[in-house]
Structures are given as C-alpha cells and as structure tokens.
Amino acid sequence: MSASGPAATTPDEAEDSYESVAGLYDLIAAAQGASAPPLISAFAELAQPGMRVVDVGAGTGRVALAVGARQADVWCVEPSASMRSALLAKLAQHPQLWPHMTVRAGQAPGMALDGTFDYAYLAGSLQFLDAADRGATFAELSDRLAPGALLALDMVDDLPVTPDPDGAEATVADVVVGKSRYTLHAAVTAAAAGRADMRYRYVTECGNHRTVQTLRRTRYFHTFDEVHADLTATGFTVDTEHSGGWRDNTQPLVARRNR
C-alpha cells in the first residue's frame, strides 16, 4: 500500500454484451469501407503531438490508434473487456504507439479521470448514453478539460428509427474471407421517444457450417438542440471553425471548453 492509500479497483463486468462479437467488429467495419462510422480522420485531425486526449468508449481503438499515431497521449476508456482485448491485440502490433496509448476499464459517466486533458471525443459512442448520462458526461469532461480544449462527438441529430412492421432485417455488411462469409444484419425490435431497441445478428457461414451470434442493445438518439443545450450548460461553446455548419451531421460536432 502506498502512502496515498490503496489504488482504486474496477470490478469485472457482470455482463459483456460484446464478448461473442468483438473479434468481428473490425472485419465488419473494413467491409463497409469509407462509409463505416465513425469518421476516423475527422477525429484524428483534431489531435496534436503531446496532447492528452480522452477517447470515451474507445471500442477496438479504430480512432484511438489514429490519434496515437499523431503522437498524442490517448486514454482509451472502454467498459467492454472483450473490446479492450481487441484493442490491445491490435496495439501489440504497433509497439511504437505503446508510450502513447493507455487502455483502461471505465464507463461514461463516472470515468474517474485523473489530471487535465486537451481534447476529448465520443466517436460512435453517444448512442450508448441516454439524455441524463449525456449531460453528466459533458459535465465530467468539462471538469477535466483545460480551458480552450476541444470536445468532438458524432451521432448528433441522427434520424430516429422505427420497427419494420414485417420484422425485416437490414443487411449492414457482407464480407468473404477465405471460404467463410461474415454478414451483419440489424433490426429495430421496439422504439420510443429518443430510443430504439436493436437486434444485431452476426452470421458466419463456411460450407454447411453456420453460426449466429446475436447482440441486443438500446440505441439513443440526440437532437442538435438537446446536445447544444447540454454543452452550453456545462461550459462549452460550439466551435464553428472546426464544425463548419454545425448542424451538418455528416461531420463531428466540435465544441470548445470556455476559458
């Protein structure tokens, strides 16, 4: 035990909904090509060498690796142990990035961040936060971002989705590797104001062998006006230099911590 007391610990997750599909996550993204969200380059370009950066919901590190490659120091906060494992497996192939990448368990809000940061982003992760968690996360980041620091997020003003009356699924991606075909299908099973219950089916077929892995989760939708109100309330101003027409949801929304 150090003089400052025992280190805080995070208990193992009781349930990891990505446990069975984390290994397919990047393969499906690769199959989607440039259309696969999030827009990696847009988030990475906001990072500068030497910056301390928070990746909220880092997943398998698709954005974090690009940010680290810019010589920024990235704190990857991710609740799923299997997604963190996938990130670390990729990071193992890039030892030059090891000094710049810190991967740890954590969930927004309640990330328990230490120190001050120069940039934070939610790339593809706003959909996991309901309205209350959205405001609490912005407030937590505001407390940890230096004056003038940037906060970037996507999935703002995405159109809400509704269940198909026939229960039909949409095919998100289809890719063949060797003799195996991997397909991701998505369906909306229920919807209410600002949220939808989703079912994702990852199907692997090789000859006569077929496996199906199913992931169910809730997706939340956030309007520009709601996000803008929470940003303003927690000490941020939309940065029009980086956001351009900030109601354009094809690009990340960027805000700056007030000085």
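User: OK, what is Ser 180 in contact with, leaving aside its neighbours within four places in sequence?

Analyst: Ser 180 is in contact with Val 175, Glu 205 and Cys 206. Keep in mind that this is a predicted model.

User: Noted. Where does Ser 180 sit, and in which strand?

Analyst: Ser 180 belongs to strand β7, which covers residues 180–192.

User: And is Ser 180 buried or exposed?

Analyst: Buried: the relative accessible area of Ser 180 is 14%, and the cut-off for buried is under 20%.

User: You mentioned Glu 205. What does Glu 205 form a salt bridge with?

Analyst: Arg 210 is the partner, and the closest N and O atoms are 3.5 Å apart. Glu 205 is partly exposed at 31% relative accessible area, and Arg 210 is partly exposed too, at 49% relative accessibility.

User: Let's look at α1 then. Which residues of α1 are buried?

Analyst: Ala 22, Leu 24, Ile 28 and Ala 29 are buried in α1, which runs over residues 22–32. They share one side of the helix because they cover an arc of only 140° around the axis. On the other side, Gly 23 and Ala 30 are exposed.

User: What do the buried residues of α1 pack against?

Analyst: They pack against several elements, including α3 (62–68), α4 (81–91) and β7.

User: Switching topic: which residues touch the most other members in the largest nonpolar core?

Analyst: That core has 25 residues, and the ones touching the most other members are Leu 122, Leu 141, Leu 145, Leu 151, Leu 153, Val 227 and Leu 231. Elements supplying at least two residues each include β4 (117–122), α5 (131–144) and α6 (224–233). The largest share, four residues, comes from β5.

User: What does Val 227 touch, not counting residues up to four places away in sequence?

Analyst: Among its contacts are Leu 126, Phe 138, Leu 153 and Leu 253, and Arg 134 is on the list as well. Arg 134 is also linked with Glu 226 and Asp 230 in a network of salt bridges.

Note on methods: Residues are numbered from 1 along each chain as its sequence is written. This is a predicted model: local features need pLDDT of at least 70, side-chain atom pairs count only at pLDDT 80 or more; totals for chains, interfaces and linings use all residues. Side-chain values use heavy atoms; hydrogens and water are left out. A nonpolar core is a set of buried Ala, Val, Leu, Ile, Met, Phe, Trp, Tyr and Cys residues joined through side-chain atoms within 4.5 Å. Buried means under 20% relative accessible area, exposed over 50%, partly exposed in between (1.4 Å probe, protein chains only). Contact means heavy atoms within 4.5 Å. The arc is that of the directions from the helix axis to the C-beta atoms. A salt bridge is a side-chain nitrogen of Lys or Arg within 4 Å of a carboxyl oxygen of Asp or Glu.
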